[in-house]
Amino acid sequence: MIASPPNEFPPGVADAQAAAALPAEDIRARTDSYFNRTRQIVSRFGDCTVTYAFFIRRPVVSAPAMMLAWLANVMAERNSPYSVDVLHPEGEWVGAGEPLVYITGSFTHLADLETLLLQKLGSPCVAAHRAYQIALSLPRTRFLAMDARHCAGYEMQELMAYAASVGGRAARRDGAIGFVGTANDAVAPFFETPHGLGTMPHALIGYAGSTVRAAEMFHEEFPETDLVVLVDYFGQEVTDALAVCRRFPDLAAEGRLSVRLDTHGGRFMEGLNPQESYAVVNRHAPEALRRFRSDKELRYLIGTGVSAAAIWKMREALDEAGFPKVRIVASSGFGVTKCACMADARAPVDVVGTGSYIPEWWNETYATTDIIAYDGVERVKIGREFLFPSARPQKAETTEP
């Protein structure tokens with residue numbers, strides 16, 4: 001199929017900085033020199049039509065839109081026709097080594113784009129896969145994308161936010177709530193929200209001098225915004241959470257008040273220790289403790305920081321005090337494994353803020369491409385013949401009953 005114009009790409013992609021065409025001199029400076037030299041040689045000895053196959057060596061969720069939007073903008077400026085065959089639509093699972101996309105066009109105009117195209121494909125696909133796994137582990141939990149502070153600059157932030165939106169939509173298709181927003185205004189369009197979500201950092205509580213006072217300040221300034229209050233600053237999570245609830249009983253009763261657990265891994269939440277943590281989880285999900293666990297998984301269940309025990313303990317305290325509609329927001333290291341452990345413990349977490357879909361092993365994100373055809377004739381280096389369209393398994397034809 002012919003590449004779609006930018007305004008037909010998924011939400012937020014067309015206007016992303018990562019999708020904007022670069023001046024020719026910037027492309028020349030940022031691509032690998034051997035691609036620039038190849039372009040110069042082909043321009044001298046005669047252009048041809050080539051087909052590139054793009055693939056990644058590990059299973060991923062397809063997230064090619066940012067790469068394809070950038071390509072569309074660059075090729076429009078070069079006034080060079082080309083075609084795209086997306087073998088795995090956005091949000092679809094892709095097996096290791098399977099071609100994701102074929103791109104066919106002028107060798108002269110594609111040769112120097114390879115480096116930059118690969119940069120915009122690999123990491124979003126891996127991050128989308130992780131976001132999908134996270135969201136599907138806790139299908140009734142809303143997720144907030146909080147990757148910005150972990151990104152190496154704004155382009156990476158766009159790629160990771162886009163990936164979270166793709167993984168979230170894929171999880172929603174399979175029955176989960178998924179990612180409902182992000183913490184930043186700039187990347188909110190990927191989630192079709194008008195602005196970033198979130199209320200207060202720890203710094204505001206330090207400034208206010210107490211958790212309750214910080215909540216009062218926030219509510220006075222933003223009275224129409226639902227109140228999400230961090231409760232770990234003074235190490236009195238339960239005490240401060242209940243104090244805030246009693247200060248704002250109407251918000252608590254209306255379901256407009258949430259407490260956010262962000263206890264760091266160096267201590268237990270207020271009221272917990274190893275024995276009590278075990279007891280709390282044993283009350284609600286005893287089977288989760290009876291399965292084989294790695295040290296890391298056991299820590300997610302009954303250890304320090306924001307554990308399943310901490311979430312259950314907070315839920316118990318809120319319910320016993322008469323605040324059943326107050327929601328629990330959790331953050332701090334909610335990656336694939338931690339979310340799976342929370343699901344196993346049936347932790348009653350309403351919202352998770354996480355950037356832990358960012359790939360852990362960056363070498364897994366390396367996308368690769370090879371030219372597989374020159375003027376329609378299949379040709380590729382030895383060992384990559386699996387990329388040929390002729391080598392791909394043909395889908396069996398079906399007939400109507």
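Author: Strand 1 and strand 5 (residues 99-106) run antiparallel and are joined by seven bridges. Before going on, note that this is a predicted model, in which local features need pLDDT of at least 70 and side-chain atom pairs count only at pLDDT 80 or more, while totals for chains, interfaces and linings use all residues. Residues are numbered from 1 along each chain as its sequence is written, and side-chain values use heavy atoms, with hydrogens and water left out.

Reader: What makes two strands count as a pair?
Author: In general, strands of a sheet pair through backbone hydrogen bonds, either parallel or antiparallel. Here, two strands pair if DSSP finds at least two bridges between them. Strands (E, at least two residues) and helices (H or I, at least four residues) are DSSP runs, numbered from the N terminus. As an example, T49 has S106 of strand 5 as its bridge partner.

Reader: In what order do the five strands of the open sheet lie?
Author: The order is 3-5-1-12-13, with antiparallel pairing. Strand 3 (82-86) and strand 13 (377-378) are at the edges with a single partner strand each, so one side of each has no neighbour in the sheet. Helix 3 (residues 65-78) packs on this sheet and touches strand 1, strand 3 and strand 5. The direction of helix 3 makes about 170° with that of strand 3. Contact means heavy atoms within 4.5 Å.

Reader: And the six-strand sheet: is its pairing parallel or antiparallel?
Author: Parallel, in an open sheet with the order 7-6-11-10-9-8. Strand 7 (178-182) and strand 8 are the edge strands, each pairing on one side only. From one strand to the next, the twist averages 30°. Four bridges link strand 6 and strand 7, and A145 has T182 of strand 7 as its bridge partner.

Reader: How should I read a helix pair?
Author: Two packed helices are described by the angle between their axes and the distance between the axes. In this model, helix 10 (residues 237-247) and helix 15 (residues 308-320) have axes that come within 10 Å and cross at roughly 35°. Axes are lines fitted to C-alpha atoms, for helices over the stretch in contact, and angles run from 0 to 180 degrees between N-to-C directions. From helix 10, the contact uses E237, V238, A241, L242 and C245, and from helix 15, M314, A317 and L318. By class these are seven nonpolar, no polar and one charged. Ala, Val, Leu, Ile, Met, Phe, Trp, Tyr, Cys and Pro count as nonpolar, Asp, Glu, Lys and Arg as charged, and the others, Gly among them, as polar.

Reader: Which residues line the largest cavity?
Author: On a 1 Å grid over the protein atoms alone, a cavity is a set of points where a 1.4 Å probe fits but cannot get out, while a pocket is an open set with protein on both sides within 12 Å along at least five of seven lines; lining residues have an atom within 4 Å of a point. The largest cavity is lined by Y52, F54, I103, L110, E114 and L117.

Reader: How many residues line the largest pocket?
Author: There are 40, of which L144, M146, L197, G198 and T199 lie nearest its centre. The lining comprises 15 nonpolar, 17 polar and eight charged residues.
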